[in-house]
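Reader: I am new to reading protein models, and I would like to go through one slowly, feature by feature. Could you take me from the general idea to the particular case each time?

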Number of protein chains: 2
Amino acid sequence: MQSSTAHQMSSSDTRNLLVTISYVGTCFHGWQVQKNALSVQEVFQTALYKIIGQKPDIKGCSRTDTGVHANMYCISFKCSHPITDDHLRMALNRYLPNSIAVYDVREVDGDFHARYSCKGKEYVYKVLNSSTRDPFLEDLALLYRYKMDENLLNEAAQAFVGTHDFTSFCTMDNREKGDLTRTVKYFRVERNGNIVTFTVAADGFLYNMVRIMVGTLLSISQGKFKESSIKDIIDAKTRKAAGPTAPACGLYLNRVFYDI
Amino acid sequence: MQSSTAHQMSSSDTRNLLVTISYVGTCFHGWQVQKNALSVQEVFQTALYKIIGQKPDIKGCSRTDTGVHANMYCISFKCSHPITDDHLRMALNRYLPNSIAVYDVREVDGDFHARYSCKGKEYVYKVLNSSTRDPFLEDLALLYRYKMDENLLNEAAQAFVGTHDFTSFCTMDNREKGDLTRTVKYFRVERNGNIVTFTVAADGFLYNMVRIMVGTLLSISQGKFKESSIKDIIDAKTRKAAGPTAPACGLYLNRVFYDI
């Protein structure tokens with residue numbers, strides 16, 4: 001009986017945790033564990049193991065590429081260790097490198113999954129529009145030396161908003177299967193001094209989608225495409241129709257949306 | 001005759017140049033060349049030599065400590081190479097590491113000296129007032145986890161403004177000789193979200209002066225000194241009366257003033 005009760009307690013004590021972090025992407029080869037390269041997932045797993053002595057299956061909200069940053073990134077995993085949420089947050093901040101910060105640890109419903117429960121995400125792409133680099137934005141923004149009319153680009157980008165097949169804005173690899181339709185909720189291009197920020201939210205993003213969107217808008221800025229060309233590029237449904245993939249360094253996962 | 005003319009031309013072609021840069025202080029052991037540590041001056045001299053094949057005596061506007069950043073830093077030197085100002089700016093940006101950027105190169109009067117011609121400077125000290133670190137501000141701001149009332153500190157800091165003997169706000173070493181009187185033109189403490197910025201301008205600064213001023217204001221924030229204590233600390237004329245020296249990582253040389 002005792003043994004059975006202990007087992008029941010242990011089982012009911014397993015909590016599903018949601019951890020919210022931010023990280024500087026330059027320090028990592030993306031989220032996912034891989035051979036011969038340091039990933040955020042690996043560093044997080046190592047820190048977690050040192051604290052709770054367990055190696056739960058941890059789920060990230062998104063695959064992110066090498067060099068892509070996160071102002072907000074969400075992780076979920078099952079935890080049967082009795083540590084409180086706040087102590088776990090503080091311990092993770094001690095054990096993780098300074099390139100990662102943990103903002104929040106909280107218990108969520110048992111069926112919550114950082115990736116599959118996600119209702120949408122917001123990305124930001126930062127461009128330093130200057131003739132000279134900024135040492136404080138090294139690897140944190142794309143340096144773009146030419147004239148850029150943010151109002152013209154903001155107008156052009158409105159063609160992304162809505163539900164479309166985004167095949168033209170997707171790097172094809174074996175990740176992307178099935179339906180390439182996504183719904184873009186908003187797309188804003190704004191200037192603050194010499195920083196031009198591209199902000200886009202969607203229910204989901206294809207591989208390299210934001211970077212190809214930004215690369216295409218930069219091509220419009222350079223006069224390589226017409227302002228009104230986005231609709232035609234979407235309709236073409238081929239990667240070749242769009243502009244280049246903008247570098248990873250300017251991209252930030254900025255918000256992750258859940259119904260919790 | 002030819003030789004004499006050539007000599008005269010060469011002499012009249014020696015220009016006095018003012019170069020304006022910014023740099024991330026984390027990457028350097030301050031401005032001044034030293035044994036066994038990389039300084040901004042050494043890196044700048046090396047780049048300049050590669051471009052013009054000369055090693056002029058280069059003057060920096062200020063000694064800065066290890067880890068202190070510069071949004072604006074000024075350098076002057078004599079140059080007899082015929083390179084144009086704009087080409088020199090571009091070449092320096094190519095040869096210097098990405099932690100330094102060159103914004104401007106211009107000819108100035110022959111008697112201009114980056115340090116002695118300086119009429120004043122403005123420093124900024126950045127504090128991240130948050131319970132959690134920000135990976136994007138690592139080594140770029142002081143993390144201060146406690147409650148901070150920026151309006152109270154701004155009030156308290158007004159006692160710094162004016163002409164005072166700042167002995168209490170100076171680390172004594174063999175650098176500081178003679179008169180320790182300086183004139184503080186303004187001192188502002190402002191908040192933008194969780195970033196609290198201390199901005200101070202003066203005709204000159206003693207060694208560690210801004211860092212001790214900020215350290216003393218943080219002591220006021222923690223209740224270790226009264227709000228009204230700055231005047232008494234100035235009057236005490238001893239370093240022991242003031243608070244601790246705030247870390248270098250939050251300090252930025254922000255503006256350098258000249259009459260040109």
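Reader: To begin with the cysteines, how many disulfides are there over all chains?

Author: Please keep in mind that this is a predicted model. A disulfide is called when two cysteine sulfur atoms lie within 2.5 Å, and by this rule the count over all chains is zero.

Reader: How should I read a helix, and which residues of helix H4 of chain B are buried?

Author: An α-helix has 3.6 residues a turn, so residues three or four places apart point the same way. In H4(B), which runs over residues 150-157, the buried residues are Glu150(B), Leu153(B), Ala156(B) and Ala157(B). They lie on the same side of H4(B), because the arc they cover around the axis is only 120 degrees. Asn151(B) and Glu155(B), on the other side of H4(B), are exposed.

Reader: What do the buried residues of H4(B) pack against?

Author: They pack against strands S8 (181-192) and S9 (195-202), and also against helices H5 (209-221) and H6 (230-236), of chain B.

Reader: Which residue caps the N-terminal end of H4(B)?

Author: The cap is Asp149(B), which has a side-chain oxygen 3.0 Å from the backbone nitrogen of Asn151(B).

Reader: Where does Gln222(B) lie, and which residues is Gln222(B) in contact with, leaving aside its neighbours within four places in sequence?

Author: Gln222(B) is in the loop between H5 and H6 of chain B, and is partly exposed, with a relative accessible area of 37%. Beyond those neighbours, Gln222(B) is in contact with Tyr144(B) and Tyr146(B).

Reader: Finally, how much space lies in the largest pocket?

Author: The largest pocket holds about 620 Å³ of space. It is lined by 21 residues, and those closest to its centre are Phe136(A), Leu137(A), Lys126(B), Leu137(B) and Leu140(B). In chain B, strands S5 (120-129), S9 and S10 (251-257) each supply at least two residues of the lining.

Key. Residues are numbered from 1 along each chain as its sequence is written. Chains are lettered from A and ligands numbered from 1 in the order in which they are written. This is a predicted model: local features need pLDDT of at least 70, side-chain atom pairs count only at pLDDT 80 or more; totals for chains, interfaces and linings use all residues. Side-chain values use heavy atoms; hydrogens and water are left out. Buried means under 20% relative accessible area, exposed over 50%, partly exposed in between (1.4 Å probe, protein chains only). Helices (H or I, at least four residues) and strands (E, at least two) are DSSP runs, numbered from the N terminus. The arc is that of the directions from the helix axis to the C-beta atoms. Contact means heavy atoms within 4.5 Å. A polar contact is a pair of N or O atoms within 3.5 Å; within protein, one must be able to donate a hydrogen and the other to accept it, and residues adjacent in sequence count only if both atoms are side-chain atoms. On a 1 Å grid over the protein atoms alone, a cavity is a set of points where a 1.4 Å probe fits but cannot get out, and a pocket is an open set with protein on both sides within 12 Å along at least five of seven lines; lining residues have an atom within 4 Å of a point. Grid points are joined across faces, edges and corners, and a volume is the space filled by probe spheres set on the points.
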